[in-house]
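Good morning. Please have a look at the sequence and the model on the screen, and then I will go through a few points.

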Amino acid sequence: MNYKAPRGTHDIFGISASGVSLLEQRAKVIFKRHGFEEVRTPAFEDAALFMRSIGQATDIVEKEMYIFEDRKKRKLALRPEGTASLVRAFIEHRMDVSMPAGRFFYMGEMFRYERPQAGRYRQFHQIGAEFFGSSSPAADAEIIILAQDLLSSVGVNEMNVYINSLGCEKCRPLFREALVKYLGSVRDLCEDCLRRLEKNPLRVLDCKTDSSKFTEVPGMSDYLCDCCKDNFNLTQSLLKSAGCNYIVNEKLVRGLDYYTKTVFEIRSNAIGSQDALAAGGRYDNLVGELGGQNTPAVGFALGSERVLLAAQKTGFFGSFQESEKIFIAVADQELFSEAFSFAVKAMRNGLKGNKNISVFGPVNGKSLTSQLKFADKVKAVKTIVFAKTEFEYGKFLVKNMKDKTQIEVLINEF
Ligand SMILES: [Zn+2]
Ligand SMILES: [Zn+2]
């Protein structure tokens, strides 16, 4: 067979699959404690939704979206991120009117046509949250802490939290003007930068090719209006009071257009890369811009594959408690149904109160030798053998697969 998973996609199994589910399970517990509810949105949406919300002059919209036409010539896109869909759902279900203080989380596959590299795939998993209806810096601080707690929940503790404020529609234009003036003086900008300088100069700061040239870039902090300044200061003091260490990075602008005021990124040295594990920020205008009632909002997202790569580097998976594998075998085929019903009972209730087991039921029509070989293949720790001689006395044999010793045990004691 010549079929392979498409470039940039991967099959997730074994320990990686356990990692993805474990991260999602832990995230659900943490989200619940913060009062966030789950929302599942479609994997594809009207392509225009993403173009409008993420912004035309962004990498995602210019280069990375999977856009296609369906059979009725509708222009659709596989979702490249979660926020646009959540905002669309929030407005579509009139939650902007009925519950303007909604807190939601999502988890699922996202799609971006990017160059595949370690922990970066074209289909990847994201976990994210959106906090609608609060303009308080307490919401910004809570979202940052939430993202940090999710990372810690899978053993990623060594991280740096970078924050910045992008200002509001009042003060950002002044900064933008100063930035354009400065960038105009930088020589040899790449083509992307030259184009973005006109459309979206903030995005120029994100350029991976040119970022080292921006040594004397003006800082947003000098341009923030009093309201934005107060907001940013309060966000910082709340983070401090909650014991969250952060670094202010004035070059942090994030790759999406909808951010206002606080933006943040969490990076870890564990994967030795410039890329963020989790990121987000405030987007006070997006709900209004997409046709809803003006609703302030703040959110974040993390890429599960990248987080798990960092978790792996910190040795988190070494502490994984694997279930104990138990194989049920029959030496005499006439005991097959007894063995089978015993196996089902163990699958339902565990064995001797131990629920962290995986039970492999009996295989009929095979010799005991080949059943034991199979037990080794599934890496069983113990094999329980139903044999006539012992069964007559209400017993079976428990074989230790490592040292090959065996003992007789009373069935109803097990
Ligand atoms: Zn402002
Ligand atoms: Zn550039």
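**The zinc site and a helix pair**

The residues that donate to the zinc ion (ligand 1) follow the sequence spacing C-x2-C-x53-C-x2-C. This is a predicted model, where local features need pLDDT of at least 70, side-chain atom pairs count only at pLDDT 80 or more, and totals for chains, interfaces and linings use all residues. Residues are numbered from 1 along each chain as written, chains are lettered from A and ligands numbered from 1 in the order written, and side-chain values use heavy atoms, leaving out hydrogens and water.

Which atoms are the donors? They are the SG atoms of Cys168, Cys171, Cys225 and Cys228, lying 2.3 Å from the zinc ion. Donors are N, O and S atoms within 2.8 Å of the metal (3.2 Å for Na, K and Ca); water is not among the atoms, so sites may look incomplete. The site is tetrahedral, with angles of 102 to 116° among its 4 donor atoms; four donors count as tetrahedral if all angles lie between 85 and 135 degrees. Cysteine 171 is in the loop between β7 (160-165) and α7 (172-184), and cysteine 228 is in helix α10 (residues 226-241), so this pair ties together parts 57 residues apart in sequence. Helices (H or I, at least four residues) and strands (E, at least two) are DSSP runs, numbered from the N terminus.

Next, the domains. The protein chain is divided into domain 1 (14-171 + 224-317) and domain 2 (322-413), with bounds from an automatic or database domain assignment. Their C-alpha centres lie 48 Å apart.

How values were computed:
Four donors count as tetrahedral if all angles lie between 85 and 135 degrees; four count as square planar and six as octahedral if opposite donors are over 155 degrees apart and all others between 65 and 115; anything else is irregular.
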